[in-house]
Amino acid sequence: MAGTKTTTGAPTEVTQKHNKGGIGESTLRPDGTLKVTGEFAYSSDMWHEDMLWGQTLRSTVAHAEIVSIDTVEALKTPGVYAVLTYDDLPAEMKNYGLEIQDTPVLAHGKVRHHGEPVALVAADHPETARRAAAKIVVEYKELPVITDEASATAPDAVLVHEGRTDEYIKHVPHPNIVHNQPIIRGNAEEAAKKADFIVKGEYTFGMQDQAFLGPESGLAVPSEDGGVELYVATQWLHSDLEQIAPVLGLPEEKVRMTLSGVGGAFGGREDISMQIHACLLALRTGKPVKIVYNRFESFFGHVHRHPAKLYYEHGATKDGKLTHMKCKIVLDGGAYASASPAVVGNASSLSVGPYVIDDVDIEAIALYSNNPPCGAMRGFGAVQACFAYEAQMDKLADKVGMDRVEFRQLNAMSQGTIMPTGQPVDSPAPVAEILRRVKARPLPPERQWESSEGADVRALPGGLSNTTHGEGVVRGVGYAVGIKNVGFSEGFDDYSTAKVRMEVINGEPVATVHTAMAEVGQGGITVHAQIARTELGVQQVTIHPADTQVGSAGSTSASRQTYVTGGAVKNSCELVREKVLEIGRRKFGSYHPAWATAELVLEGGKVLTDGGEALADLAELLEGETVEVEAEWRHRPTVAFDKKTGQGNGHVQYSFAAHRAVVEVDTELGLVKVVELATAQDVGKALNPLSVVGQIQGGTTQGLGVAVMEEIIVDPKTAKVRNPSFTDYLIPTILDTPTIPVDVLELADPNAPYGLRGMGEAPTLSSTPAVLAAIRNATGLELNRTPVRPEHLTGT
Amino acid sequence: MRVNFTVNGRQQEADDVWEGESLLYVLRERMGLPGSKNACEQGECGSCTVRLDGVPVCSCLVAAGQVEGREVVTVEGLADYAKHREDSHPGGACGSVCGGTSLQEARQWQAKGTDGQTGEGGELSQIQQAFIDAGAVQCGFCTPGLLVAADELLERNASPSDADIREALSGNLCRCTGYEKILDAVRLAAARQEETV
């Protein structure tokens, strides 16, 4: 029996009608019903009547010359329609990339990391495609692998990319360094002389994976004009489009992209994965082609969080004031650049954390290596730094002999503080306050698992594995706080576009919002409907599917979408409102003088004066008229950091979160149970409090994951990935995740729409160091690496 | 091979099934029921959880041939399954002979209004409505599997403790929510279930 559906499961509009549902209310998701009934069309659900399945053949070695590729047997396999290699690429442009076009669509000449795409197959059944791909014979001549800073920058090091011509090569000290960013402010050497205490630390941050649940997938359908339609899960349609069209040899208007349902992203969908491959196969075979990665392939199909080595020195006076900070942050970017340059900018500019230190000497670098490519992940460079500087704060507080939270509060930045880049913080920065709030919260009761009937082993470290009944279990408490920039920094033109239409349908005024924003689960579409209701006074709002038929919305990342695309929707709504009022003046202006003189608002389906007098029904006013506006919106501009000193107003806005972790550790087996992970965060304005809390809890859990379990393990000798599966790469389950009480502050940023503060990433920063601090507190161990594994706690 | 089984109350037969095909593949790609999700396809994430003769299983780990003559309920049939359970055994368990929606009906389902807030959208089971109301749905990819598992929990344990909920849902990964709102949703559904008995 062939498939029973006959059409592509294209994303549908979602319409929501609410009496309430404006800004500041916990409005429910417009796509919620579709998602709980199983009808929401995710990218892996796309289906077409006569579609083929695409499969990628990936390299089995990390660094090698490709001597030959033999596709003859694969092509002979019954059911196979096409086998493509580098030689089949149709255009002169054969690479893509977010910042540097260094990533081959299919490997040519060389492979640079384990799992790099080498060839493609299209067949009539996914298993046929897999078996055919396995018949492709690739002969490799292996090269030495570069896996760390020492091997990358050795005098005789093999270059990962020979003949670099990108803009960063001019400034880097070695061609195996993608980008470096020093930040020098004041005089750290001199200031160090004032220190009564100096602490140094070396920290290691493991490679984390976004592990979004919906695998990379999509459907490419060839169109009659020689172009292609692509239904895909991504974070930024227009960025994909700019990278896809040139390698297909097509003008952008012939590549029509529609966002299909996205099952999470967290930065892992910023880069191209299967998009180009599916289009190539569709254009070659003339048939729709679907590609769905399995979890194994997904671990090779997207970039990860940069693993890092961080070397820090801080000083403090005996009364607890920070004197200076020196640090070097080495991020491993892997084989291709992806977002590494921007990650370096973040890591360096946020390396001080939310503290006042006038004298700093900072450098962050990203390496090219033969490890898996790394790029964007929630927290983007700020996460690694936060792990290190928060460990340093604890060590320094202990040396000074101060309470760890008080020490942080004493040195906390506030509105007006100058960042190490010289940029003043010009909106509320309640660092001391969010620390106070997590500290003031009552601690969860001790030994909750104990009762008169004995121990409930489910609540102990190790859980039902029944490894302890409480003997040898110790508790610890730890604190951390972090700072994250919001939006794209360093002079990037970070704009968004929204098209808003207002018309009367079935006697009711209806607003339609059309943007290219990727709804990846964060709730952007809910907020857009709330903004339209608030600004236009309607109940019914339709959210048009995101596609490339409207201008770019920028990326769903960097905590920027509610700020920037939300700002664009607000802006477009305001322009629509003006046009609606013009129609009102034209139609009804002669009936009431307020049309000409009063400030008018749209509310409850009516035009009201600021005194609340109703002038007209929107339904009546708009009868026979459609008002539509498409407009761009920009936040205030930023500038690039100086290449040598790192000075410059590079960031748009900052966001702050603090955590208190309570853990229990079975010291015999080295098992950790996180009992509670309380958090406080300033969000400027909670446009949707329910979603805000959900984001904070989710972000906190990802930070918990990297603290105690999540790590992609790469063999240091071969640069091969050892654990590409959910069996071996562990993410927190509901049993690993504690209660996460959330305290939300709303201190408005005067420069942002509605005063909001981008908030999706900050909770991921401080959660990890808080858990580590709590484990140190429980065990007395130094623990300078994350994730903490049982062997680190038992010394085995 | 040919496989005969019941999906959401309706007898189905699938032809030309390759011996290695999973129940998940047959549901998604042959039956047109993509509600069960394909996040890991190795039984680790629970996104593809369905009920097989009433028992929650990862459909990615069930070979299609194993379901010969048996009954499967997917998220697409969950509302009707729950409704039938309520009608025939209010507040009680239902066993393995529950009816459900026909495949034809399942295929023809459209979103019947999308306003979770007022409940005017119609026929959702209590656990589905609770997931929407509690904000337990973000990207939603884990949601179908969690719903099937949570519904089964509430069927056998009408007022589960937090530890019971955690244990029952420990085979279902969620990457977005931090699980707090999922716990809220199950508590909410249990409370509402109690009210209606």
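# A guided reading of a predicted structure

In chain A of this predicted model, helix α12 spans residues 431–440, and its residues Val431(A), Ile434(A), Leu435(A) and Val438(A) are buried. These residues lie on the same side of α12(A), because they cover an arc of only 100° around the axis. What do the buried residues of α12(A) pack against? Their partners in chain A are the helix α11 (404–411) and the strands β23 (473–486), β31 (653–666), β32 (671–682) and β33 (742–745).

The next topic is the empty space inside the model. Rolling a probe the size of a water molecule over the atoms shows where empty space is left. Two elements of chain A, β6 (103–104) and α8 (295–301), each supply at least two residues of the lining of the largest cavity. The largest share of this lining, 3 residues, is provided by α8(A). What is the make-up of the lining by class? The lining of the largest cavity has 14 nonpolar, 10 polar and 4 charged residues.

The second largest cavity holds about 150 Å³ of space. It is lined by 16 residues, and nearest its centre lie Arg29(A), Leu690(A) and Ser691(A) together with Gly135(B) and Val137(B). Two elements give two or more residues to this lining, namely α17 (689–708) of chain A and α4 (126–133) of chain B. With 4 residues, α17(A) gives the most to the lining of the second largest cavity. By class, the lining of the second largest cavity has 5 nonpolar, 10 polar and 1 charged residues.

The cysteines may be considered next. A disulfide is a covalent bond between the sulfur atoms of two cysteines. How many disulfides does the structure hold over all chains? The number is 0. Cys327(A), for instance, is in no disulfide, and the nearest cysteine sulfur, in Cys386(A), is 13 Å away. Cys327(A) counts as buried, because its relative accessibility is 7%. In chain B, the closest cysteine sulfur to that of Cys176(B) belongs to Cys139(B). The distance is 3.8 Å, which is too far for a bond, since a disulfide requires sulfur atoms within 2.5 Å. Cys176(B) likewise counts as buried, at 7% relative accessibility.

Gly263(A) is placed in the loop between β14 (255–259) and α7 (275–285) of chain A. Is Gly263(A) buried or exposed? Gly263(A) is buried, with a relative accessible area of 2%. Gly263(A) and Leu213(A) are 50 residues apart in sequence, and their C-alpha atoms are 5.7 Å apart in space. For another pair, Glu574(A) and Lys254(A), the separation is 320 residues in sequence and 33 Å in space, C-alpha to C-alpha. Glu574(A) is in helix α14 (residues 561–588) of chain A, and Glu574(A) is partly exposed, with a relative accessible area of 26%.

The final topic is the backbone. Most residues other than glycine have a negative phi, and most peptide bonds are trans. Against this background, Asn8(B) has a positive phi of about 50° although it is not a glycine. Asn8(B) is found in the loop between β1 (3–7) and β2 (10–14) of chain B, and Asn8(B) is buried at a relative accessible area of 1%. Asp53(B), which is not a glycine, also has a positive phi of about 50°. Asp53(B) is located in the loop between β3 (49–52) and β4 (55–58) of chain B, where Asp53(B) is partly exposed, with a relative accessible area of 29%. In chain A, a cis peptide bond with an omega of about 0° joins Thr786(A) and Pro787(A). Pro787(A) belongs to the loop between β34 (785–786) and α19 (790–794) of chain A.

Note on methods: Residues numbered from 1 in each chain as written. Chains lettered and ligands numbered in written order. Predicted model: local features only at pLDDT ≥ 70, side-chain atom pairs only at ≥ 80, totals over all residues. Heavy atoms only, no water. Buried < 20%, exposed > 50% of the residue type's maximum accessible area, 1.4 Å probe, protein only. Arc of directions from axis to C-beta. Contact = heavy atoms within 4.5 Å. Nonpolar A, V, L, I, M, F, W, Y, C, P; charged D, E, K, R; others polar. 1 Å grid on protein atoms, 1.4 Å probe; cavity = no way out; pocket = protein on both sides within 12 Å on 5 of 7 lines; lining within 4 Å. Points joined across faces, edges and corners; volume = space filled by probe spheres on them.
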